[in-house]
Amino acid sequence: MKTVQDYMNDPRLFEEPEMDEPIRKIHAARLMLQDETAGMSGVEKAAFINARSRETLARLGLSPKIVNLSGRGKLKLRQPVTQ
């Protein structure tokens, strides 16, 4: 498997030589993700990215924060505070 560093030397990144180093890394990571998920359906791509995210968080010793959308994400109305 190629790494982001391998993609830093990808000819597709040399089309814009004035690109700064941080921007090149972002584009290299984007190219790597595109190549890894080529040919996947939307559901497969989402599962792949979610699994990769969980692996990264576990490697960093972090736990994912899961959002509960059982209330469909709607804000609950509250009574206005009067003084």
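These are my notebook entries on a predicted model of one chain.

**Entry 1: the chain as a whole**

I began by listing the elements. The chain has three helices and zero strands. Read from the N terminus, the order is α-α-α. Next I looked up burial: of the 83 residues, 12% count as buried. I also checked how far along the sequence the contacts reach. Among contacts between residues at least 6 apart in sequence, 26% join residues at least 24 apart.

**Entry 2: helix α2**

I checked the length of α2, which covers residues 21–36. Its 16 residues should span 22 Å at 1.5 Å a residue, and I found the end C-alpha atoms 22 Å apart, so the two values agree. The step I had to remember is that the expected span uses one less than the number of residues.

Which residues of α2 are buried? I noted Arg-24, Ala-28, Leu-31 and Met-32. These four lie on the same side of α2, because they cover an arc of only 100 degrees around the axis. Pro-22 and Ile-26 are on the other side of α2, and they are exposed. I then asked what the buried residues of α2 pack against. The partners are α1, residues 4–7, and α3, residues 42–59.

**Entry 3: the nonpolar core**

I looked up the largest nonpolar core and found six residues in all. They are Tyr-7, Met-8, Leu-13, Ala-28, Leu-31 and Met-32. The largest share of this core, three residues, comes from α2.

Not counting residues up to four places away in sequence, Leu-31 touches Tyr-7, Asp-10, Arg-12 and Leu-13.

**Entry 4: Asp-10**

Asp-10 came up as a contact of Leu-31, and I turned to it next. Asp-10 is placed in the loop between α1 and α2. Is Asp-10 buried or exposed? Its relative accessibility is 9%, so Asp-10 counts as buried; the cut-off for buried is under 20%. With residues up to four places away in sequence left out, Asp-10 touches Lys-2 and Leu-31.

**Entry 5: Met-1**

Where is Met-1? I found Met-1 in the segment before α1. Met-1 counts as exposed because its relative accessibility is 84%, and the cut-off for exposed is over 50%. Leaving aside neighbours within four places in sequence, I found Met-1 in contact with Glu-36 and Arg-52.

**Entry 6: helix α3**

I repeated the length check on α3.

Key. Residues numbered from 1 in each chain as written. Predicted model: local features only at pLDDT ≥ 70, side-chain atom pairs only at ≥ 80, totals over all residues. Heavy atoms only, no water. Helix = DSSP H or I, 4+ residues; strand = E, 2+ residues; numbered from the N terminus. Buried < 20%, exposed > 50% of the residue type's maximum accessible area, 1.4 Å probe, protein only. Arc of directions from axis to C-beta. Contact = heavy atoms within 4.5 Å. Core = buried A, V, L, I, M, F, W, Y, C linked by side-chain atoms within 4.5 Å.
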